[in-house]
Amino acid sequence: MDLSLIDCFVKVADSRSISAASRRYRLPKSTLSHKIRQLEDEFGIELFVREGHQLHVTDAGAEFLRY
């Protein structure tokens, strides 16, 4: 597993938005979005529920975030 995927997940979860994480950590939004999708594909689950520009961590995402 690529640890940068987990790092991006934590950054986005803490910021509650890809845009906010992008500004906060000075990373391209496309990079963060792509890495989140990669992680979700790898696990076969959704880690975030997307509602417009807001992200909410799913139950599975919250469980993963604890570890």
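Threonine 58 counts as buried because its relative accessibility is 12%, where buried means under 20% relative accessible area, exposed over 50% and partly exposed in between (1.4 Å probe, protein chains only). This residue belongs to a predicted model, in which local features need pLDDT of at least 70 and side-chain atom pairs count only at pLDDT 80 or more, while totals for chains, interfaces and linings use all residues. Residues are numbered from 1 along each chain as its sequence is written, and side-chain values use heavy atoms, with hydrogens and water left out.

**Surroundings of threonine 58**

- Threonine 58 is placed in the loop between strand E2 (54-57) and helix H4 (59-66); helices (H or I, at least four residues) and strands (E, at least two) are DSSP runs, numbered from the N terminus.
- Not counting residues up to four places away in sequence, threonine 58 touches Glu46, Leu47, Phe48 and Val49, where contact means heavy atoms within 4.5 Å.
- Threonine 58 and isoleucine 36 are 22 residues apart along the chain, and their C-alpha atoms are separated by 13 Å.

**Overall fold**

- The protein contains 4 helices and 2 strands.
- Along the sequence, these elements follow the pattern α-α-α-β-β-α.
- The radius of gyration of the protein is 11 Å, close to the 11 Å that the globule rule gives for 67 residues, so the protein is as compact as a globular protein of that length. This radius is taken over C-alpha atoms, and the globule rule is 2.2 Å times the number of residues to the power 0.38.
- The C-alpha trace spans about 25 × 25 × 20 Å along the principal axes of the protein.
- Of the contacts between residues at least 6 apart in sequence, 44% join residues at least 24 apart.

**Surface and charge**

- Of the 67 residues, 31% count as buried.
- The protein exposes about 4,500 Å², and carbon and sulfur atoms supply 49% of this area. Accessible areas come from the Shrake-Rupley method with a 1.4 Å probe; for residues, only the protein chains shown count as cover.
- The mean positions of the 10 positive and 10 negative charges are 10 Å apart. Lys and Arg count as positive and Asp and Glu as negative, whereas His and the chain ends are not counted; the place of a charge is NZ of Lys, CZ of Arg, CG of Asp or CD of Glu.

**Two buried serines**

- Serine 15 is found in helix H1 and is buried, with a relative accessible area of 14%.
- The side chain of serine 15 reaches the backbone oxygen of lysine 11 at 3.0 Å. A polar contact is a pair of N or O atoms within 3.5 Å; within protein, one must be able to donate a hydrogen and the other to accept it, and residues adjacent in sequence count only if both atoms are side-chain atoms.
- Apart from residues up to four places away in sequence, serine 15 touches Ala20, Ala21, Arg24 and Tyr25.
- Serine 22 lies in helix H2 (residues 18-25) and counts as buried at 13% relative accessibility.
- The side chain of serine 22 reaches the backbone oxygen of leucine 27 at 2.5 Å.
- Leaving aside neighbours within four places in sequence, serine 22 is in contact with Leu27, Pro28, Lys29 and Leu32.

**Two arginines with positive phi**

- Arginine 16 lies in the loop between helix H1 (3-15) and H2, and its phi is near 65 degrees, a positive value in a residue other than glycine.
- Arginine 16 is exposed, with a relative accessible area of 63%.
- Arginine 26 is placed in the loop between H2 and helix H3 (29-43) and has a positive phi of about 55 degrees, although it is not a glycine.
- Arginine 26 is exposed, with a relative accessible area of 78%.
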